[in-house]
Amino acid sequence: MNFIVLTIFPEMFNPFWEHGIIRRAVNQEKISVSAIDVRDFAEDKHHITDDRPYGGGCGMIMKPEPLAGAIRAAEKKAPLSKKILLTPQGRRFDQSVAQEFASLDGLILVCGRYEGVDERICHDFIDDEISIGDYILTGGELAAMVIIDAATRLIPGVLGGKDSAEKDSFSDSVLEHAHYTRPRIFEDVEVPSVLLSGNHKEIEKWRLETSLIRTFLKRRDLLENRPLSSQEIEILKKWCLDIEKIIHDQSLFGPDALSGGQQEG
Ligand code: ADE
């Protein structure tokens with residue numbers, strides 16, 4: 001997959017693609033990466049890429065000519081690529097968009113700066129607008145890195161373990177189960193014994209259960225928006241019974257038991 005970033009700060013990307021999985025994916029030719037300096041396409045001798053907004057108002061707008069020149073140069077290098085504008089007004093980036101992008105031939109990622117980009121660029125040169133969340137960054141560069149990072153690790157063969165990406169949080173609309181590594185006891189807290197048991201069926205069951213528990217506690221919306229498997233329904237039903245039993249047993253201690261025994265007045 002081919003990533004081309006259009007930016008006025010191309011140097012920001014060197015440390016990004018010179019480290020970790022991204023670097024390895026480049027070395028293994030799973031991805032190719034490059035940054036085009038939008039300033040190189042400015043038409044004046046000072047290489048100006050921004051200007052005041054028509055109609056007045058504060059802030060500066062990215063001029064259309066340098067961006068158009070940079071996009072055309074990127075298209076020449078990678079004609080099959082999808083052209084994305086990074087903007088807080090875009091479609092929200094998530095794991096399913098990452099998956100969608102990972103299957104493409106390439107992305108041309110246009111990083112806006114200042115107050116925004118001349119509307120004629122958005123309208124005539126861009127295929128899709130993407131936001132990485134409801135907050136305003138000083139530019140699209142970090143958003144471009146987020147997208148490259150999330151899409152690259154989903155490209156087959158990029159991650160080491162054969163199923164590392166398949167078991168990710170969100171890949172099945174649930175959060176990933178809890179993880180432990182050595183030492184077995186850390187600051188008096190022990191690794192759950194089932195993980196040391198060698199019983200793979202029990203370990204899988206425990207993982208599914210911790211995955212469901214943390215999704216329920218941290219991101220209930222994910223469970224509400226997805227059909228449950230029969231095994232998941234069994235687990236949830238068992239919790240209901242366990243909770244009902246706790247409430248029932250507590251009520252045997254008297255009417256105040258459930259309020260912690262606190263009396264009014
Ligand atoms: N540029 C500024 N803020 C952004 C955001 N939240 N997502 C994508 N690009 C941006």
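**View 1. Met62 and its partner across the strand pairing in the predicted model.** In this predicted model, Met62 stands opposite Val117, a residue of strand 7. Strand 4, comprising residues 61–62, is joined to strand 7 by two bridges, and the two strands run parallel.

**View 2. The shell of residues around the ligand.** Twelve positions are shown in this view: the ligand is surrounded by Leu86, Thr87, Pro88, Ile130, Ser131, Ile132, Gly133, Tyr135, Ile136, Leu137, Gly139 and Ala143. Classified by residue type, this shell holds eight nonpolar and four polar residues, and no charged residues. Strand 5 (82–92) and strand 8 (128–131) each contribute at least two residues to the shell. Of the contributors, strand 5 gives the most, with three residues. The space that the ligand takes up is the largest pocket.

View 3. At Ile132, a backbone N or O atom lies 3.0 Å from a nitrogen atom of the ligand. At Tyr135, a polar backbone atom is 2.8 Å from a nitrogen atom of the ligand. At Leu137, the separation between a polar backbone atom and a nitrogen atom of the ligand is 3.0 Å. On its own, the ligand has 260 Å² of accessible area, and the protein covers 97% of this area.

View 4. The peptide bond leading from Arg182 to Pro183 is cis, and its omega is near 10 degrees. Most peptide bonds, by contrast, are trans. Pro183 is placed in the loop that connects helix 6 (141–152) and strand 9 (185–186).

View 5. A negative phi is found for most residues other than glycine. Glu29 is located in the loop between helix 2 (20–27) and strand 2 (32–37).

Notes. Residues are numbered from 1 along each chain as its sequence is written. This is a predicted model: local features need pLDDT of at least 70, side-chain atom pairs count only at pLDDT 80 or more; totals for chains, interfaces and linings use all residues. Side-chain values use heavy atoms; hydrogens and water are left out. A residue is near a molecule or strand if one of its heavy atoms lies within 4 Å of it. A polar contact is a pair of N or O atoms within 3.5 Å; within protein, one must be able to donate a hydrogen and the other to accept it, and residues adjacent in sequence count only if both atoms are side-chain atoms. Accessible areas come from the Shrake-Rupley method with a 1.4 Å probe; for residues, only the protein chains shown count as cover. On a 1 Å grid over the protein atoms alone, a cavity is a set of points where a 1.4 Å probe fits but cannot get out, and a pocket is an open set with protein on both sides within 12 Å along at least five of seven lines; lining residues have an atom within 4 Å of a point. A molecule sits in a cavity or pocket if more than half of its atoms lie within 2 Å of its grid points. Helices (H or I, at least four residues) and strands (E, at least two) are DSSP runs, numbered from the N terminus. Ala, Val, Leu, Ile, Met, Phe, Trp, Tyr, Cys and Pro count as nonpolar, Asp, Glu, Lys and Arg as charged, and the others, Gly among them, as polar. Two strands pair if DSSP finds at least two bridges between them.
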